[in-house]
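Open the model in your viewer and keep the sequence panel beside it. The tour goes stop by stop, with something to select at each one.

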Amino acid sequence: MIQSILSFFADGFMSLGWQQGVMYLIGAALIWLAVAKDYEPMLLLPIGFGAILVNLPYEVVWQHEGVTGALKILFDAGILTELFPLLIFIGVGAMIEFAPLFQRPWVMLFGAAAHLGIFITIIVAVLIGFDLKEAASIGIIGAADGPTSIYVTTRFAKHLMGPITVVAYSYMSLVPIIQPPVVRMLTTKRERLIRMDAHDRKVPKVVTISFPIIVTLIASILVPIAAPLIGFLMFGNLIRECGVLDKLSLTAQNELSNIVTLLLGITIGASMRASDFLQYKTLLIMGLGLVAFVADTASGVLFAKFLNLFLRKKINPMIGACGISAFPMASRVIQKMAFKDDPSNVILSHAVSANVSGQLGSVIAGGIVLALVPVLLQ
Amino acid sequence: MNTVTLVQSLILTAVGMIVVFAFMGALIFIVHFYVALATRFFSDKDDGDKNGENGSNASNKTNDAKPDSPEQVAAAIAAAIRRK
């Protein structure tokens, strides 16, 4: 009798291995980054705790003795169905204001150019040995857009969900560290001193209201598979811009986003089981994530320099680095760099415009990858 | 490394970037002319009543201020960076 009771309590210890210990450390490290360093705390803290939970003895929160655990139910219902990222897109859409794009639509070119990093990373991942679906999921880290990364990975490489999500959110929070050296390396001080004139005009309400509808139509006709991504994003934006649904807009920006982010984080963490996460592939994905962010920044800056070859009034090439989706971090970093060289040089209006276009570009790039990979594999 | 996969990834890159640029190009074109046309024909008459706010739909609104726009965020960030 006593032996049975002791054995009952000992079973938990006996079922633990070094892998679980490592995962507890990784989970604790993510929580530390969130709390002490303020790196994407809303995501990294739930992910860290989810990683600890799922590696507890017998993985009871996932599945045990035929009983499906709470986190697996959430994973199946929210991630596999792609519901969580789409709901987050409603909140993101409600937070974005596209007005800066209407002031200077040409900056949308940077929102396209900076996404070359996604495709460069896909090529590098293929060269390393990943298959095309895995490489596409890894490349999307370069979108600097968490929900798009999760959405694409759900379709193409569910087994890499944990590492890709953790890497995507970690590097997004490291934009202030990653971008400046790349920009400095690719630009001269003279180029960084270029001033940009900003003459903002008033845009009629009809434009801001109809813009999400127009974008949804164009994107969904051009890349039909992107319809859920762009549709939910633009629905959130329409709620914001219509001017008669302020309560819904605020709910989407706050309550909806917060609740789904909470569930998404802990559910993603639950996909970090030791057997899936502790592989050499995770280290490769960390390296490739860095490649993606560096290539994004470099392609944006180089594209701006390329345009300068043909323009009489030169563009400050640092603005190209803002074509990624990390808003407003990228534009803040670039303005800070501009102030460093010349405390009176304000390029923030253009940087913000490019940054907003990057948010749009990342969703389109995700949709294109989703559409083309299955076609290429046929 | 699989050569076929590499070729596929190169095709994906070429087609992907063409489509991204085509989309953004189309959007630049549309936004440019649409804003010009809308400014000419639909300019907002009165900012104070721009949302058509009246008693009939006031129940669906809150007293909370609308979150800062990117331009406001930008201005705030610039000011904060300068202060440092």
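What percentage of the 84 residues of chain B count as buried? Select chain B to begin: 19% of its 84 residues count as buried. Chain B has two helices and zero strands.

Remember throughout that this is a predicted model. Its scores are ipTM 0.84 and pTM 0.82. Colour chain B by pLDDT: the mean is 71, and 50% of the residues of chain B reach 70 or more. Now select residues 47–67 of chain B, where pLDDT stays under 50. For this stretch the model has 18 contacts beyond four places in sequence. Where pLDDT is low, the predicted coordinates should not be read in detail.

**Stop: the side of chain A that touches chain B**

Show both chains. In the model, 60 residues of chain A are in contact with 47 residues of chain B. Several helices of chain A each supply at least two residues of this side, among them α8 (116–128), α14 (205–222), α16 (246–270) and α20 (348–377). Which helix gives the most to the side of chain A that touches chain B? Select α20(A), which gives the most, with twelve residues. By type, the residues on this side of chain A divide into 44 nonpolar, nine polar and seven charged.

**Stop: a helix pair across the two chains**

Select α14(A) together with helix α1 of chain B, residues 3–41. Their axes come within 11 Å and cross at roughly 150°. An angle over 145 degrees counts as roughly antiparallel, so α14(A) is roughly antiparallel to α1(B). The crossing of these two helices, α14(A) and α1(B), is right-handed.

Next, show the side chains at the contact. From α14(A), pick V206(A), V207(A), I214(A), V215(A), I218(A), A219(A) and L222(A). From α1(B), pick V19(B), F23(B), A26(B), L27(B), I30(B), Y34(B), V35(B) and A38(B). The residues of this contact between α14(A) and α1(B) divide into 15 nonpolar, no polar and no charged.

**Stop: a helix pair within chain A**

The crossing of α12(A) and α18(A) is right-handed.

On α12(A), the contact is made by I178(A), Q179(A), V182(A), V183(A) and L186(A). On α18(A), look for F293(A), V294(A), T297(A), A298(A), V301(A) and L302(A). The residues of the contact of α12(A) with α18(A) divide into nine nonpolar, two polar and no charged.

**Last stop: a loop in chain A**

Go to the loop between α2 (18–36) and α3 (41–54) of chain A, and select D38(A). D38(A) has a positive phi of about 60° although it is not a glycine. E40(A) lies in the loop between α2 and α3 of chain A, and has a positive phi of about 40° although it is not a glycine.

Is D38(A) buried or exposed? D38(A) is exposed, because 10 other C-beta atoms lie within 10 Å and a residue with 12 or fewer counts as exposed. E40(A) has 22 other C-beta atoms within 10 Å, so E40(A) is buried; the cut-off for buried is 20 or more.

Definitions and conventions
Residues are numbered from 1 along each chain as its sequence is written. Chains are lettered from A and ligands numbered from 1 in the order in which they are written. This is a predicted model: local features need pLDDT of at least 70, side-chain atom pairs count only at pLDDT 80 or more; totals for chains, interfaces and linings use all residues. A crossing is left-handed if the near helix is turned anticlockwise from the far one by less than a right angle, and right-handed if clockwise. Helices (H or I, at least four residues) and strands (E, at least two) are DSSP runs, numbered from the N terminus. Two residues are in contact if their C-beta atoms, placed from the backbone, lie within 7 Å. Ala, Val, Leu, Ile, Met, Phe, Trp, Tyr, Cys and Pro count as nonpolar, Asp, Glu, Lys and Arg as charged, and the others, Gly among them, as polar. pLDDT is the predictor's confidence in each residue, from 0 to 100. Axes are lines fitted to C-alpha atoms, for helices over the stretch in contact, and angles run from 0 to 180 degrees between N-to-C directions. Angles under 35 degrees count as roughly parallel, over 145 as roughly antiparallel, 65 to 115 as roughly perpendicular and the rest as oblique.
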